[in-house]
Amino acid sequence: MGLLQEKLSKFRLPQMYMEKGVYPYFREIDSHQDTEVMMDGKKVLMFGSNSYMGLTYDQRIIDAAIAATRKYGTGCAGSRLLNGTLDIHVQLEKELAEFIGKDEALCFSTGFTVNEGVIPQLVGRGDYIICDDRDHASIVDGRRLTFATQLKYKHNDMEALEKELQKCEPDAIKLIVVDSVFSMEGDLANLPEIIRLKKKYNATVYVDEAHGVGVFGRNGRGVCDHFGLTDEVDIIMGTFSKSLASIGGFVAADKDIINWLRHNARSYIFQASSTPAATAAAIEALHILQTEPERQENLWKITNYALKRFRECGFEIGDTESPIIPLYVRDTDKTFLVTKMAFDEGVFINPVIPPACAPQDTLVRFALMATHTKEQIDYAIDKLLKCFKELEIIK
Ligand SMILES: Cc1ncc(COP(=O)(O)O)c(C=O)c1O
């Protein structure tokens with residue numbers, strides 16, 4: 001056995017949980033995706049999706065994807081820089097720039113590769129990058145690819161952020177990168193205070209709106225819009241894999257930043273462009289977002305209802321202010337167990353364990369879509385309460 005194989009053969013954690021019958025990953029969906037899905041011949045209520053607008057099976061979006069496939073084909077066989085630019089890529093970029101409120105936008109094949117490709121092109125040797133310690137893995141990977149000095153501050157602790165800013169050379173570029181909505185905890189970045197500090201220390205701010213678009217701001221423009229801070233935030237990125245019912249991502253900023261990224265972001269110029277189907281789906285979803293505000297309104301109605309009910313039932317839900325509701329378990333084995341028990345009761349939720357959270361903060365993540373009904377939420381909360389009590393997570 002080679003050295004690598006020998007080392008990796010010792011990784012048996014997944015098998016241990018499989019033997020216990022609680023392994024929670026790669027569960028297969030074999031139906032269309034909505035608030036109810038079919039899994040292994042069984043109907044399950046879906047509370048694990050990021051499809052906040054509930055648009056993943058919208059007929060108009062499906063039709064747009066099919067029409068684009070018929071017109072352009074199934075792939076682009078090249079990067080945006082060379083042969084992979086379609087007119088619909090450019091259309092989507094224009095519409096996104098206008099929607100977000102920036103000069104220009106660039107679309108990438110995934111949201112992950114926006115952060116991974118853009119961040120290292122913004123700062124280099126002699127500069128600083130400062131991140132919240134709960135930033136998404138794609139931001140962490142983007143940060144790791146920079147030659148800038150890497151600084152981190154305790155989650156949403158603005159005094160800690162200021163201390164990091166004070167460590168920086170006053171004349172150096174200082175890039176602060178945060179999630180607008182933290183993807184596991186559901187709380188918001190303190191953008192007003194971050195912008196105050198940006199101005200005080202002459203920093204640059206980059207906000208990841210993956211979970212903000214659709215959910216917050218006017219017609220779902222995101223958290224920057226919600227706080228009226230779009231102009232003050234220098235760079236805004238988002239993804240199509242959540243509210244926009246597709247896959248892909250974008251970055252929006254002023255003309256000069258975009259001009260630089262268009263010719264330097266490695267995941268833009270060296271990665272094949274997104275499929276015609278994915279691009280057309282995102283365009284159609286963006287139109288629906290702007291013409292059907294009732295989706296966002298309903299999402300907030302049911303979110304407020306669920307937040308109130310979870311609190312009344314005694315769940316520990318942290319500081320969430322969004323349709324992402326963390327139900328803290330604070331024990332890895334029980335987190336897997338409660339995920340399995342809920343699944344057996346017909347409720348799909350996602351377990352969150354390190355490295356997605358701190359070891360003492362394991363949780364199950366309950367996420368809402370605009371199309372969930374109060375009855376579905378009540379059913380899920382009753383079942384979850386039963387499971388949490390059985391495991392004595394709630395006494
Ligand atoms: C905050 C955040 N940023 C970026 C991404 C990456 O986006 P995508 O999965 O669309 O590539 C995610 C995905 O989960 C995310 O939660």
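**Note on pockets, cavities and the ligand site**

1. The space in the second largest pocket comes to about 310 Å³. By class, its lining holds nine nonpolar, nine polar and three charged residues. Please keep in mind throughout that this is a predicted model.

2. Next, the largest pocket. Its volume is about 1,200 Å³. The lining of the largest pocket counts 46 residues. Nearest the centre of this pocket are His136, Ala137, Ser183, Met184 and Ala356. Helix 6 gives the most, with four residues. The lining of the largest pocket divides into 21 nonpolar, 13 polar and twelve charged residues.

3. Where does the ligand sit? The space taken by the ligand is the largest pocket. Around the ligand there are 14 residues. The closest of them are Phe112, Asp208, His211, Ser241 and Lys242. Helix 5 (residues 111–122) gives the most to this shell, with three residues.

4. Two residues of the shell are nonpolar, nine are polar and three are charged. The lining of the largest pocket, for its part, has 21 nonpolar, 13 polar and twelve charged residues. Please read the two sets of counts side by side.

5. His211 is another, with an N or O atom of its side chain 2.6 Å from an oxygen atom of the ligand. For Lys242, a side-chain N or O atom and an oxygen atom of the ligand are 2.9 Å apart. Taken alone, the ligand exposes 390 Å², and the protein buries 85% of that. Asp208, His211 and Lys242 are also named among the residues closest to the ligand.

6. Rolling a probe the size of a water molecule over the atoms shows where empty space is left. How many cavities of 30 Å³ or more are there? The count comes to two.

7. The largest cavity has a volume of about 50 Å³. Its lining is made of Arg80, His89, Cys107, Phe108, Ser109, Ser267, Tyr268, Gln271, Ala272, Ser273 and Ser274. Strand 3 (104–108) and helix 11 (266–269) are the elements that give two or more residues to this lining. By class, the lining of the largest cavity has four nonpolar, six polar and one charged residue.

8. The second largest cavity has a volume of about 30 Å³. Met53, Gly214, Asn219, Gly220, Leu289, Glu292, Pro293, Arg295 and Gln296 line it. Which element gives the most to this lining? Helix 13 (residues 293–312) does, with three residues. The lining of the second largest cavity splits into three nonpolar, four polar and two charged residues.

9. The peptide bond from Pro354 to Pro355 is cis, with omega near 10°. Pro355 is placed in the loop between strand 12 and strand 13 (363–367).

10. Phi of Asn156 is near 55°, a positive value in a residue other than glycine. Where is Asn156? It lies in the loop between strand 5 (149–153) and helix 7 (158–167).

Technical notes. Residues are numbered from 1 along each chain as its sequence is written. This is a predicted model: local features need pLDDT of at least 70, side-chain atom pairs count only at pLDDT 80 or more; totals for chains, interfaces and linings use all residues. Side-chain values use heavy atoms; hydrogens and water are left out. A residue is near a molecule or strand if one of its heavy atoms lies within 4 Å of it. A polar contact is a pair of N or O atoms within 3.5 Å; within protein, one must be able to donate a hydrogen and the other to accept it, and residues adjacent in sequence count only if both atoms are side-chain atoms. Accessible areas come from the Shrake-Rupley method with a 1.4 Å probe; for residues, only the protein chains shown count as cover. On a 1 Å grid over the protein atoms alone, a cavity is a set of points where a 1.4 Å probe fits but cannot get out, and a pocket is an open set with protein on both sides within 12 Å along at least five of seven lines; lining residues have an atom within 4 Å of a point. A molecule sits in a cavity or pocket if more than half of its atoms lie within 2 Å of its grid points. Ala, Val, Leu, Ile, Met, Phe, Trp, Tyr, Cys and Pro count as nonpolar, Asp, Glu, Lys and Arg as charged, and the others, Gly among them, as polar. Grid points are joined across faces, edges and corners, and a volume is the space filled by probe spheres set on the points.
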